[in-house]
Amino acid sequence: MLELKSLTKRFGDKTAVDAATFTVDRPMMIGIIGRSGAGKSTLLRMLNRLSDASEGEILFEGREISSLKGAARREWQSRCAMIFQQFNLVPRMDVVSNVLHGTLNRRSTFATMFNLYPQDDIHKAIEILDRLGIAEQAPKRAEALSGGQQQRVAIARALMQDPSIILADEPIASLDPMNAQIVMDALRRIHEEDGRMVIANLHTLDTARRYCDRVIGMRDGRIVFDGSPEQLTTGVARDIYGAGADFSEAATSTAIETLDRTTAQPVPA
Amino acid sequence: MLELKSLTKRFGDKTAVDAATFTVDRPMMIGIIGRSGAGKSTLLRMLNRLSDASEGEILFEGREISSLKGAARREWQSRCAMIFQQFNLVPRMDVVSNVLHGTLNRRSTFATMFNLYPQDDIHKAIEILDRLGIAEQAPKRAEALSGGQQQRVAIARALMQDPSIILADEPIASLDPMNAQIVMDALRRIHEEDGRMVIANLHTLDTARRYCDRVIGMRDGRIVFDGSPEQLTTGVARDIYGAGADFSEAATSTAIETLDRTTAQPVPA
Amino acid sequence: MTMTDATASLGSAKTSADALFQRKRITAFAVPAIIVAYLAYIAIAFDVAGLAQRASTENAVILASDSWSYKTHVTRDNRRGGTTYAIEGERKGAYAEGTRPAWVSGDEETALVIDLEDGHEVRFLPDNAVAYDVPGFGTIEAQLVDGSLITNLSDPVPDWINLSDQRMTVTTDAGRLTMTRTRTEVFRYFPGWELFWFTLDSPYHNRSFTEIALGDRIDPGRPNISGAVSDFWNNGMWRHKDVAWAIGETILMAFLGTFGAAMLALPLAFVAAKRFSPFGALRFGMRRIFDFVRGVDALIWTVVLARAFGPGPLTGALAILITDSGTFGKIFSEALENVDEKQIEGVASTGAKPLQRYRFGVIPQIVPILLSQVLYFLESNTRSATIIGAITGGGIGLMLTQAIQTQKDWEEVSYYILLIVIMVMVMDSFSGWLRGKLIGRKD
Amino acid sequence: MTDATLSGPTRREVDRIQDSYMAQVRRRRMYGGLTLAIFVLLMVSGFMVADGRNAGGFWDGWRQMLDFPADVLSEAWEKRANLPGLLLKYFPALMETINIAAVSTLIGAMVGLILSLLSTRGLARWPRLIPVFRRLMDILRAVPEIVIALVLIFILGGGPVPAMIAIALHTAGALGKLYSEVAENADLKPVEGLASTGANWTQRMWLGVLPQVAPNFLSYTLLRFEINIRASAILGFVGAGGIGFELRNAMAWGPGRFDEAAAIFVLLFGTIVFFDQISSRYRNKLTEGQ
Amino acid sequence: QEITEFRIGILGGENAQDRLNSNECVRAYVEDLLGVETKIFTPADYDGVIQGLLGGTIDMAWLGASAYAKTYMTDPEAVDVVLVKTNLDGSYGYHSIGFARADSGIASLDDMKGKVFAFGDPNSTSGYLIPSVEIPTAIGATMESGDYFGEVRFVGGHEQTIVAVANGDVDAGVTWADGQGEWLDGYNSGALRKASDSGLVDMNDLVEIWKSEVIPEGPIVLRRALPEQVKADVTQFLNELHGKDEQCAYNMAAGETSGFMPITHDAYKGIIAVRQAVQGN
Ligand SMILES: Nc1ncnc2c1ncn2[C@@H]1O[C@H](COP(=O)(O)OP(=O)(O)OP(=O)(O)O)[C@@H](O)[C@H]1O
Ligand SMILES: Nc1ncnc2c1ncn2[C@@H]1O[C@H](COP(=O)(O)OP(=O)(O)OP(=O)(O)O)[C@@H](O)[C@H]1O
Ligand SMILES: [Mg+2]
Ligand SMILES: [Mg+2]
């Protein structure tokens, strides 16, 4: 259903994503790993059409995505929700309004200008929040929430879009291990219950192993690994991360169990 | 020479210092211990006349101090130097100027506003800094110095006042053990060489034991102990700190040797 | 480190500290010296010394005393005869035919006695003669004979008497006597603002508050309260109605100007902000337009607009609007350049249309800056509107300038000043209150 | 987060949240609508009142908006040869305007500085008098410059001094308030340190507070200077000397002297833009450099 | 052709601020007469009214002669001259008066060499226009600062001139008066009279040093674009005002008058010529 054909993105001289090619034939949960600067975010942003590809194609259910313009592009964006590391909510607005932003593409500009959403949408938004366990926070301002809660609001906004694909760009990088687990559980559950495709950039191997059906490894813009979590051995990980023999998985792990072993946290950027 | 007669300080309902009474008949080094909120700072601030006593008297060499006003009070302050936990230097000014602030009371306002300090004073300031081992830092801004160096500048300022008494309010609480030792050594040396009285609030028992000739213990504003360091047994300490049987001295120690045993630091406020 | 080394380094530390202080002293003296030199230059350029001499203390005294007191004129026409009484010498303050103040007694045939209190007494005598008893000085007598003034005063006359053979002015603490060939006039001063509540022709003049509120019907034609309110409102001397309108107009100018400017500037600020405006030339042009309308002050705009719109509050409001759209445009576009991209991207990623992106990604971020600036300007524009009104012809500013320029009735001047100060302070606290209400106090 | 999301009690809980949120939305819409309605009403009725009380109406007038500038510009263009001479002729008046602004900013800033220190909690010399000094600053701020200037012109005669005093008084109030907001956030530790050595109030302020707040104070002062240049030009309009006075005379004479008006305008506008640019550049540096 | 409102402009500066009140009766009459809302506007200076007439936002005004000249010179089609106020003796003129402090030793223009001389408002006939033409003839020099006078400046208006002279800010200045009655009273009417009556100056302290030729009183003008019927009605009303309501005429004229009489543009040709001449420099 989703097919990338030598998708490339160049920033001046720099090639951020270099001829990325892969095919996904059924909704699955995919983790993209790679060290900082590998091109993970850039890839996702091209998928969502937040930025344009320099070369190559994206096909979704046979339809060419990467050349869509204007309304068609926005329509695609509404089917392909995105979740960000920094949540990217509107902090001064309340939680429900933030979730309702997921419907913007469907509603008339005029009505939304004045915050006039149909009652059904509002009810649905609160149901989604309830499903993510934060219905209580509905009337609060987004900025008043904790990081984990904010990320769940962002997921709720994504669900509100009723998307075919959910893209998540390091959704747990700003979260503590406890909240990270809640958020990843939520994404996994959405994938399983609703059957939506989820593509998540992750910067920790064990998260990818634990939650994903398929893992794609990137290095310097190129896809250097594409396989099942089981195939992801420490040797392969060393390749992806370009690390020496001193590479230890624990250093990139945020799983709660590994925490006692060390207090060092990976530096994400 | 110094006599406190039921010195009391009330903030609204709260009695911060409750009828503190003691006599010091010769210059000695006195440590005041007690847990956070016991009234140590308040007591020292009354001695320096930074704040007024609610009741009671302070006599120094027979002269009543606690009722001085205006110029007489400032004259007393110049004879009774104070050193603070946070150093309280002027951060944007150079070290020598900060030391020279010790002479403010003696010089005319106009002269000090235009930096017209006599050359003798400037030289003396450098000598004092040299005595404390930081003469090289003289032209630097105070904010550019490390904590231990800043505290020594504060001591230099105090010495510049040529005071009869030096009050030190937790002088080493913001310092690491290494610097703490340098600063306490300096205070002790000043006491011994110049024969000035030093009264220091300390939050660690071992420092008090090691450096002081006499220790005063406070609890809830009252003086509950007054004696030699030898009399300060663990039992007495438990009384002062109101701690249970789990009280361990190490928990309040900042001496370097004890550091390896624990990383927990006491919370000062 | 050897002993000598230590002494040497200590010595060099001392020398460098000396040098440091030398430098500090020089700067410490240079700045005040420059300031003093500049002030001295200004004192000479502006001729401050000469000004002190020229400063008219008399005017200051007139101003000060007139601002809290008023005078009643007693005027005799020396040609045709007949005496009139009028508060502030104005027609509106004139006593009706056959009435006169209680401190005037006697009659014109023998002697009209005007009591100025504290022993001061002026008598209008027949044949254009006048006598003025000044305690501690004696009686000044004067008479018009064949068009010239004969007095009993001998040289040198004291400096409170201004005398020539055709005119005499006697100014004392109690009052003033002026005599020329045409008129003889006495002023008696009273503290307070005359006729502030009611003019002489109103039946409520000189009645107490309780009398009006609770007493019997004073004017049989209408109920006391409404009658009193209407007479107060239409007071011909103080013109409370016009003053109220003038204040209203002033605030209106500030209100329309400020909010109009904000509404105009908001969309334009997008054009001028790098983040939102793709065309460099357009952006540059917009910024220069902002600079231009801002640089030309509201006052000049007032003059420019006077041809098209004529005098009145609308012209003032438009002038404020034009200048402030420049200022707001600049402030808003700077705020827009500093907005957080994350929120916009978040909204954009849902497929939101451009307007929706601005509405939800941008507006919530700049609203606090926008509101606080607009409200701050509302207050300061109330002050500007006072000044602009003085030029365009509208509002309390005009009343004030005209009252000052015609240089009489200083009590009106002080009344207007008081009202302006209160108005600005009220607007200040109002906008502060609203700011607190809308965006939360202090961050 | 179990599959029991649709079971009874939770369902009711969601209903409750939905209802209370809907109520909140309705309330917000009502308040929002009401505020908007009041605002629109005020704007529209305010506009109609202003339009009605104005001599010329808005809808007739806006077409003529450019008539006057066109008159001025066409004449100025005809006589463009005079321009350099006129610029030179009015330069002294411009200097007077700038001097008025500079002196009044200087004096106002000094007075404002003292007032602000006297009215800041923690620093005040006489803490009890803080409300007095605050009120004083409020009043100084509230009186428009033009009021003081007009009164002083009456007493002192025309010329730059009344304008200078008027602007200085207003500046003292305005800067005093801004300064004291900055000083409120100043770190009190150095002040206390100085107090413990027996320093008097002046020394504490000069050595303990001023070094901390100087960059911010300077930046506010520059902004004020910019504002004061305009103010001093405006006061010229009511007879307080400087370039504003010349501009008014030239404008008031009308055709025949529009070349002078244009020259003065060019000077004035150039000056305002010049100082605006300089000060905003320097201010950015000051506040960034902290 | 219809009008929806009628707007009367009143010159600022020369008149007391309660001209608004003084003209209330006129406003009421005109409103009755025309049956449309009638408003009074009082801009702060001459130019406000002139711009109003030019821009078509003021329909009727009583201008000064110089202000009329300016209006005419800016746009000859803008207004029609209709009436002029007459003095009690039937004349319609007044004078520009030069004056100085009595104790300054200045008694005539001859003593003014090198001294400071003050004009009022640049649009004032008596405060600027006429003296700036007649005085150079009298002294045989120009009005440039430093030529004959040490300095020549504008002080803003008649009242400011009087105060400036009385305070000694300037050595002499010009203002207006009807030239009838006594100098020591400040004449029968004019700026000096008002200043003296209000106690601002004592006429003993001032001396007259120069007096201009008669200056024609400024005309009442109507905007030319008004409907003919309106112009005719208003003109007729004002013409009859003195006979009908003397008090109102007194208020409007700010003093005793024998009424308004018709006058035409021709009476102001001289002034226009003068203004044109002054414009040259
Ligand atoms: N807008 C841009 N302009 C220029 N270069 C960019 C831009 N965005 C990304 N890059 C570069 O492209 C490369 C890939 O960046 P990208 O953000 O996709 O990496 P990443 O794998 O998401 O890393 P991280 O873990 O830090 O988010 C980096 O070298 C980055 O510097
Ligand atoms: N300015 C003040 N206003 C009100 N209460 C105060 C004030 N200063 C001190 N107190 C109270 O007085 C008591 C004694 O305070 P003090 O600072 O003297 O304690 P301390 O022994 O120095 O403690 P620490 O170790 O925290 O410095 C505390 O309960 C404190 O809350
Ligand atoms: Mg990334
Ligand atoms: Mg303490």
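Trainee: A polar contact is a pair of N or O atoms within 3.5 Å; within protein, one atom must be able to donate a hydrogen and the other to accept it, and residues adjacent in sequence count only if both atoms are side-chain atoms. How many residue pairs are in polar contact across the interface of chain D and chain C?

Mentor: The rule finds 13 residue pairs there, both residues being at pLDDT 80 or more. This is a predicted model, in which local features need pLDDT of at least 70 and side-chain atom pairs count only at pLDDT 80 or more, while totals for chains, interfaces and linings use all residues. Residues are numbered from 1 along each chain as its sequence is written, chains are lettered from A and ligands numbered from 1 in the order in which they are written, and side-chain values use heavy atoms, with hydrogens and water left out.

Trainee: Which helix gives the most to the side of chain D that touches chain C?

Mentor: Helix H1 of chain D (residues 8-53) does, with nine residues; helices are DSSP runs of H or I of at least four residues, strands are E runs of at least two, and both are numbered from the N terminus. That side of chain D holds 39 nonpolar, nine polar and eleven charged residues.

Trainee: And how many salt bridges are there between chain D and chain C?

Mentor: The count is five, where a salt bridge is a side-chain nitrogen of Lys or Arg within 4 Å of a carboxyl oxygen of Asp or Glu. One salt bridge joins the side chains of D:Asp276 and C:Arg294, at 2.9 Å from N to O.

Trainee: What area do chain D and chain C bury between them?

Mentor: They bury about 5,600 Å², 75% of it on carbon and sulfur atoms; buried area is the accessible area (1.4 Å probe) that two parts lose on being put together, summed over both. In chain D, the residues losing the most area to chain C are D:Met43, D:Arg53 and D:Phe154, together 12% of what that side buries.

Trainee: Turning to ligand 2, which residues come nearest?

Mentor: Of 14 residues around ligand 2 (a heavy atom within 4 Å), the nearest are B:Ser36, B:Gly37, B:Lys40, B:Ser41 and B:Thr42. A polar side-chain atom of B:Ser36 lies 2.6 Å from an oxygen atom of ligand 2, and for the side chain of B:Thr42 the distance from an N or O atom to a ligand oxygen is 2.4 Å.

Trainee: How much of the accessible area of ligand 2 does the protein cover?

Mentor: The protein covers 62% of the 640 Å² that ligand 2 has on its own, by the Shrake-Rupley method with a 1.4 Å probe.

Methods
Ala, Val, Leu, Ile, Met, Phe, Trp, Tyr, Cys and Pro count as nonpolar, Asp, Glu, Lys and Arg as charged, and the others, Gly among them, as polar.
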